[in-house]
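Hi everyone, thanks for coming.

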Amino acid sequence: KAPERQSDTIREEDIEQALAMIRASQKPFIFVGGGAVASEAANELSAFAHKIHAPVADSLMGKGAFDGTDELYTGMLGMHGTKTSNFGVAECDLLIVVGARFSDRVVGDSSRFASNAKILQLDVDPAEINKNIMTDASIIGDVKVILRRLAARLDPMRHDEWVNHIERFKDMYPLRYNKDTLTGPYIMEKIYEVTEGDAIISTDVGQHQMWAAQYYKFRRPRQLLTSGGLG
């Protein structure tokens, strides 16, 4: 029998503050990290993102926690990420961080990160709160449980203008590479085609690791086996 999930750290006042922030937001954006994979929160994350109608970016370790073929998915965030994800975080009014640690590869200049947004961080580890980026609110606990509780108390939302704005970024700034010669991205795209997106990809660290993260669409957790901060 699976152990009971720890949820006694999830305070009602923190949930209520988060709900108020989500309801007030016109331009919400979700950033998901490895904690959502560890928590096995993929179903809850998908339900939550669609309920609040918010675009979703991930970190390297968060790959597959949110379906890479979903229309709300914008790609990886940070220095190896997509322009769409980086513009989305720069322009959003609420950044909801699900089990991610704000590594330097994601944040860059911390004084300018998500400068227009209130930041709501959901994490099982209280040491991650206000460590690299100062938050406006946080909920400590298992993100699978937190997402389920938040979604249960929210009415379905629509942010069509915001989501369409992000869609235009996707059209304007797709990932590009030189099509005239054999390249890593081309090979990754071919592997994706041949495997019909159903392979488990394991990488070393380096450039090929980034190509795998950028050009293979991961549909479920643990489809990408790779070392992040503990390389």
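**A pocket, a patch and some salt bridges**

Let's begin with the second largest pocket: its lining divides into 10 nonpolar, 9 polar and 8 charged residues. Before I go on, please keep in mind that this is a predicted model.

In total, 27 residues line that pocket. If you want to find its centre on the screen, look for Thr74, Thr82, Leu175, Gln214 and Lys217, which lie nearest to it. Two elements, β3 (73-76) and α9 (207-215), each give two or more residues to this lining. Which of the elements gives the most? That is β3, with 4 residues. As for volume, the second largest pocket holds about 540 Å³ of space.

Now let's turn to the surface. Leu182, Tyr186, Ile187 and Ile191 form a nonpolar patch there, and together these four have about 370 Å² of accessible area. Take Ile187 as an example: this residue sits in helix α8, which covers residues 184-195. With a relative accessible area of 41%, Ile187 counts as partly exposed.

On to the charges. How many salt bridges are there? The count comes to 14, and I've picked a few to show you.

Here is Glu16 with Arg153, a salt bridge with an N to O distance of 4.0 Å. Glu16 belongs to helix α1 (residues 12-24), while Arg153 is in the loop between α6 (143-152) and α7 (160-172), so this pair ties together parts that are 137 residues apart in sequence. Both partners are partly exposed: Glu16 has a relative accessible area of 42%, and Arg153 has 37%.

Next come Asp160 and Arg158, whose side chains meet in a salt bridge at 2.8 Å, N to O. Are these two buried or exposed? Asp160 is partly exposed, at 37% relative accessible area, whereas Arg158 is exposed, at 58%.

Then there is Arg220, which forms a salt bridge with Asp198, with 3.0 Å between the closest N and O atoms. Arg220 lies in the loop between α9 and β8 (224-225), and Asp198 in the loop between α8 and β7 (201-202), so here the parts tied together are 22 residues apart in sequence. Arg220 is partly exposed, with a relative accessible area of 33%.

Notes:
Residues are numbered from 1 along each chain as its sequence is written. This is a predicted model: local features need pLDDT of at least 70, side-chain atom pairs count only at pLDDT 80 or more; totals for chains, interfaces and linings use all residues. Side-chain values use heavy atoms; hydrogens and water are left out. On a 1 Å grid over the protein atoms alone, a cavity is a set of points where a 1.4 Å probe fits but cannot get out, and a pocket is an open set with protein on both sides within 12 Å along at least five of seven lines; lining residues have an atom within 4 Å of a point. Grid points are joined across faces, edges and corners, and a volume is the space filled by probe spheres set on the points. Ala, Val, Leu, Ile, Met, Phe, Trp, Tyr, Cys and Pro count as nonpolar, Asp, Glu, Lys and Arg as charged, and the others, Gly among them, as polar. Patches are made of residues with over 30% relative accessible area and no salt bridge: like charges are joined within 9 Å, nonpolar side chains (Val, Leu, Ile, Met, Phe, Trp, Tyr) within 5 Å. Accessible areas come from the Shrake-Rupley method with a 1.4 Å probe; for residues, only the protein chains shown count as cover. Buried means under 20% relative accessible area, exposed over 50%, partly exposed in between (1.4 Å probe, protein chains only).
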